[in-house]
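The sequence and the structure are shown first, and the description follows.

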Amino acid sequence: MGKRTGVTIPNALTWFRIVTSPVLVVLAWAGGTGWVVAFLLVLQVTDWVDGPLARGLRQHTTAGARLDSLADVLMFGSLLAALAVLEGPLLWDAWPWVAAAVGSYAASSAYALARFRRMPTYHQWTAKVSGPITLVATLAVLLLGEGWPVRVAAAAVTLGNLEGALITSRLSAPRTDIPSVFALPDRDARSP
């Protein structure tokens, strides 16, 4: 990973996600379910393309990985708030599942902060899979009025957070972009 500084296209996309994610909540308060869906899709596309674009343009940096993790937290936090505004009862029905997802994220992050004094930026495959699952669950809630997909998405997010905590426990020093707990090189993993 390079140590480039300055503005890059991938980081500009990530900053766009950071700055505009709260718009989801504003759109929800305005009652614009269709607008929430449309804007969520825009945010999701920027999330899908920033990493591959950074690697393709050789602009992949540790700072960019950290920004991407921050953008993900803001996007999914804003999405949760927007869903609460638009479909509070459906979300409330799944509260134990949502609490598990949010709580496991908080615990995993707190563990990484305590251990390495920084948030985890692993970008593991479980997180990459739970993103589209969360998108489908959101569409099911907003467009079909179905609440059960929230449980599936929350379970996927929780599993990813638990894997993140396991990665943190196995690392001897902070790292970024670890696709799986099974991908830890021997030299970076410590015995459990």
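## Helices, burial and salt bridges

Val 85 belongs to helix α4. The model discussed here is a predicted one. Val 85 has a relative accessible area of 29%, and it therefore counts as partly exposed. Apart from neighbours within four places in sequence, Val 85 makes contact with Ala 28 and Trp 29. Between Val 85 and Ala 28 there are 6.2 Å from C-alpha to C-alpha, although the two are 57 residues apart in sequence.

Helix α4 also contains Ala 65. With a relative accessible area of 5%, Ala 65 is buried. When neighbours within four places in sequence are left aside, the contacts of Ala 65 are Thr 121, His 123, Thr 176 and Asp 177. Ala 65 and Ala 140 are 75 residues apart along the chain, and their C-alpha atoms are separated by 30 Å.

**Helix α5**

Helix α5 covers residues 95–116, a run of 22 residues. At 1.5 Å a residue this helix should span 32 Å, and the 31 Å between its end C-alpha atoms agrees with that expectation. Directly after α5, Arg 117 adopts a positive phi of about 60 degrees.

Which residues of α5 are buried? They are Val 98, Ala 101, Ser 104, Ser 108, Ser 109, Ala 112 and Phe 116. Viewed down the axis of α5, the buried residues fall within an arc of 135 degrees, and they therefore line one face of the helix.

Ser 104 is situated in helix α5. Its relative accessibility is 11%, and the cut-off for a buried residue is under 20%, so Ser 104 counts as buried. Not counting residues up to four places away in sequence, Ser 104 touches Ala 99, Thr 158 and Asn 161.

Leu 113 is also a residue of helix α5. Its relative accessibility of 40% makes Leu 113 partly exposed.

| Pair | N to O distance |
|---|---|
| Arg 17 and Asp 47 | 3.1 Å |
| Arg 17 and Asp 50 | 3.1 Å |
| Arg 17 and Asp 68 | 2.7 Å |

In the bridge between Asp 47 and Arg 17, the closest N and O atoms are 3.1 Å apart. Asp 47 lies in helix α3 (residues 33–56) and Arg 17 in helix α1 (residues 9–20), so this pair ties together parts that are 30 residues apart in sequence. At 16% relative accessibility, Asp 47 is buried. Arg 17 is buried as well, at 0% relative accessibility.

The side chains of Arg 17 and Asp 50 likewise meet in a salt bridge, at 3.1 Å from N to O. This pair links distant parts of the chain, with Arg 17 in helix α1 and Asp 50 in helix α3, 33 residues apart. Both Arg 17 and Asp 50 are buried.

A further salt bridge brings together the side chains of Arg 17 and Asp 68, at 2.7 Å from N to O. Here the link runs from Arg 17 in helix α1 to Asp 68 in helix α4, and the two are 51 residues apart. Asp 68 has a relative accessible area of 10% and is buried. Through salt bridges that share partners, Arg 17, Asp 47, Asp 50, Asp 68 and Asp 72 are joined into one network.

Terms used:
Residues are numbered from 1 along each chain as its sequence is written. This is a predicted model: local features need pLDDT of at least 70, side-chain atom pairs count only at pLDDT 80 or more; totals for chains, interfaces and linings use all residues. Side-chain values use heavy atoms; hydrogens and water are left out. Helices (H or I, at least four residues) and strands (E, at least two) are DSSP runs, numbered from the N terminus. The expected span of a helix is 1.5 Å times one less than its number of residues. Buried means under 20% relative accessible area, exposed over 50%, partly exposed in between (1.4 Å probe, protein chains only). The arc is that of the directions from the helix axis to the C-beta atoms. Contact means heavy atoms within 4.5 Å. A salt bridge is a side-chain nitrogen of Lys or Arg within 4 Å of a carboxyl oxygen of Asp or Glu.
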